[in-house]
Amino acid sequence: MTEVGQELVLELTHRYAAPREDVFDAWINPSVLRRWWAAQSTWETPVADVDPTEGGRYRLSMRTDTGDVHTVGGTFTEFRPPERLSYTWAWEEGPDGVVTTGAETLVIVDFLEDGDGTLVRLTHSGFASDEIRDLHGHGWDAVMANLNRQVFRS
């Protein structure tokens with residue numbers, strides 16, 4: 001997690017033992033997203049609406065064990081299969097009760113060939129505070145690990 005100029009930026013990488021096309025598809029295919037888009041393996045993904053085109057919109061929800069639902073949505077600003085996704089990000093209701101509605105940030109996901117697997121490099125920028133950035137960091141770590149558990153089993 002870094003600060004670039006005045007901008008707070010979150011940077012994460014995660015390696016998957018799968019071809020880059022499969023990992024890219026997992027990020028845009030609604031039926032695959034429903035299997036892994038959650039910060040805990042016991043949570044569900046009740047909504048995975050995705051129009052995977054530049055200018056297309058998406059909306060994703062996570063339902064916790066207690067029934068709370070956290071929903072995020074935005075617009076794809078760049079769509080280059082299987083290399084890069086870029087999209088705006090705004091919570092309808094923020095994690096841990098932090099209300100961030102209207103606080104739009106930007107997510108860039110690069111899918112890099114890495115031997116027999118794929119390295120995902122995620123950059124999330126535009127946070128209003130260190131606290132919000134750090135909450136997203138914990139969430140992204142958990143979601144990216146869940147992708148491994150639920151889809152690629154490594």
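Student: Which residues form one aromatic cluster here?

Tutor: The general idea is a ring pair: two rings of Phe, Tyr or Trp (the six-membered ring of Trp) pair if their centres lie within 6.5 Å, and the pair is stacked with planes under 30 degrees apart, edge-to-face over 60, and tilted for the rest. In this predicted model, Phe 24, Trp 27, Trp 36, Trp 37, Tyr 58, Phe 76, Phe 79, Tyr 87, Trp 89, Trp 91, Phe 111 and Trp 140 form one such cluster.

Student: What conventions apply to the numbering and the values?

Tutor: Numbering starts from 1 along each chain as its sequence is written, and side-chain values use heavy atoms, with hydrogens and water left out. As the model is predicted, local features need pLDDT of at least 70 and side-chain atom pairs count only at pLDDT 80 or more, whereas totals for chains, interfaces and linings use all residues.

Student: How many helices and strands does the protein have, and in what order do the elements run?

Tutor: Helices (H or I, at least four residues) and strands (E, at least two) are DSSP runs, numbered from the N terminus. The protein has 3 helices and 8 strands, in the order β-β-α-α-β-β-β-β-β-β-α.

Student: How many aromatic pairs are there, and how is the pair of Trp 27 and Trp 140 read?

Tutor: The whole structure holds 15 aromatic pairs. Trp 27 and Trp 140 are stacked, at 5.9 Å centre to centre with 20° between the planes. This pair links distant parts of the chain, as Trp 27 is in helix H1 (residues 20–28) and Trp 140 in helix H3 (residues 130–152), 113 residues apart. Both Trp 27 and Trp 140 are buried, where buried means under 20% relative accessible area, exposed over 50%, and partly exposed in between (1.4 Å probe, protein chains only).

Student: Why is the pair of Trp 37 and Trp 140 edge-to-face?

Tutor: The ring centres of Trp 37 and Trp 140 are 5.6 Å apart and the planes stand at 75°, so the pair is edge-to-face. It too joins distant parts of the chain: Trp 37 is in the loop between helix H2 (30–36) and strand E3 (48–50), and Trp 140 in helix H3, 103 residues apart. Trp 37 counts as buried because its relative accessibility is 2%; for Trp 140, also buried, the relative accessible area is 3%.

Student: What volume does the largest cavity have, and which residues line it?

Tutor: On a 1 Å grid over the protein atoms alone, a cavity is a set of points where a 1.4 Å probe fits but cannot get out, and lining residues have an atom within 4 Å of a point. Points are joined across faces, edges and corners, and the volume is the space filled by probe spheres set on them. The search finds 1 cavity of 30 Å³ or more; the largest has a volume of about 90 Å³. Its lining consists of Trp 27, Leu 33, Trp 37, Val 50, Tyr 58, Leu 60, Phe 76, Leu 85, Tyr 87 and Trp 89. Strand E4 (57–63) and E6 each give two or more residues to this lining, and E6 gives the most, with 3 residues.

Student: Where is the cis peptide bond?

Tutor: In general, most peptide bonds are trans. Here the bond from Pro 81 to Pro 82 is cis, with omega near -10°. Pro 82 is in the loop between strand E5 (69–80) and strand E6 (84–91).

How values were computed:
1 Å grid on protein atoms, 1.4 Å probe; cavity = no way out; pocket = protein on both sides within 12 Å on 5 of 7 lines; lining within 4 Å.
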